[in-house]
Structures are given as C-alpha cells and as structure tokens.
Amino acid sequence: NTTEDKINQELEDGTLVKADTLEALAQKLNIDTTTFVNTIERYNTFVEQGQDEDFNKNAFDLKIEKAPFYATPRKPAIHHTMGGLKINTHAQVIDVEGHIIEDLYAAGEVAGGIHAGNRLGGNALADIFTFGRIAGQSAVTK
C-alpha cells in the first residue's frame, strides 16, 4: 500500500533502510548480524509451520526471503493505559487508603478506572473531555 516514490523518499529521509542481504541490513541497523539472521530464519520456519512457537501467533503468510530487504526504525510506545491514578466524580485523586489528595486532580489517560477492564478505540476522548472539564471546575470552585 505504498508507492516507489514514497519508498524512495523514506530512504532519503532515513525513515527506511534498504539492503540487498539480511547481513547488510543488520550492519546498517547496527545490530548483531548472527542474531538478526537467526531470528529471520526462525520467523520463516514459523511461517512454514503456520504457528509461532514463541508467542503463539498464527497470522503468518509471508516469509522474509526475497531481496531487497527493508527495515524501518521502531520503538515501544504507549497510546493508552488501563490503569492510573484513582479519581472520584470530582476528578480528585484518591490515595491508596481511599483519602482525597488535597489540590490534586487528574483527567485523561493518567486517570484509571474509567473504562473498567476494557476500552474501545475513541472512548478515551469522552473521559478526557468530561473529566478534564470536571477537574478544571473542581479546582476553580474549591
């Protein structure tokens, strides 16, 4: 779902790395070549088996075997947490003993317990707006 022009632009920008061999790609990425190649070979075995023995995934259908090879830098990120500071209906933060922490308010993804054990995409917006406003009003009217 991309174009050759976009790929070339990403290569130029450095957001995409290209190499003709896995070993060369590992070197460009500054990672251990043996570990990288072994990991790709193990992945390819999982594709052949139709099952990932390490993480129990089964959505594999393409082996990594045809050059050129591409990689894009990635790093872990959190876009939503299901925990956080406990708040009351006035957006006041509650301590572990159930007492209000004076002059401390929370809203949005820093506040936990709003979505119970699950959340649907986009639902965070409702609690951000709702409890953000409540927190602001609570702080002003204190």
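Me: Where in the fold is E109 found?

Reply: Helices (H or I, at least four residues) and strands (E, at least two) are DSSP runs, numbered from the N terminus. E109 sits in the loop between strand 5 (100-105) and strand 6 (111-112). This is a predicted model, in which local features need pLDDT of at least 70, side-chain atom pairs count only at pLDDT 80 or more, and totals for chains, interfaces and linings use all residues. Residues are numbered from 1 along each chain as its sequence is written, and side-chain values use heavy atoms, with hydrogens and water left out.

Me: Is E109 buried, exposed or partly exposed?

Reply: Buried means under 20% relative accessible area, exposed over 50%, and partly exposed in between (1.4 Å probe, protein chains only). E109 has a relative accessible area of 34%, so E109 is partly exposed. The C-alpha atoms of E109 and L125 are separated by 9.4 Å, and these residues are 16 apart along the chain.

Me: How is the length of helix 4 checked?

Reply: The expected span of a helix is 1.5 Å times one less than its number of residues. Helix 4 has 19 residues and should span 27 Å; its end C-alpha atoms are 27 Å apart, which agrees.

Me: Which residues of helix 4 are buried?

Reply: They are A124, D127, F131, A135 and S138. These residues lie on the same side of helix 4, because they cover an arc of only 75° around the axis. The arc is that of the directions from the helix axis to the C-beta atoms. On the other side of helix 4, the exposed residues are F129, R133, V140 and T141.

Me: What do the buried residues of helix 4 pack against?

Reply: Contact means heavy atoms within 4.5 Å. The buried residues of helix 4 pack against strand 3 (85-87) and strand 5.

Me: Which residues does S138 touch?

Reply: Leaving out residues up to four places away in sequence, S138 touches H90 and Y105. S138 belongs to helix 4 (residues 123-141), and its relative accessible area is 12%, so S138 is buried. A polar contact is a pair of N or O atoms within 3.5 Å; within protein, one must be able to donate a hydrogen and the other to accept it, and residues adjacent in sequence count only if both atoms are side-chain atoms. The side chain of S138 reaches the backbone oxygen of H90 at 2.8 Å.

Me: How many helices and strands are there in the protein chain?

Reply: The protein chain has four helices and six strands.
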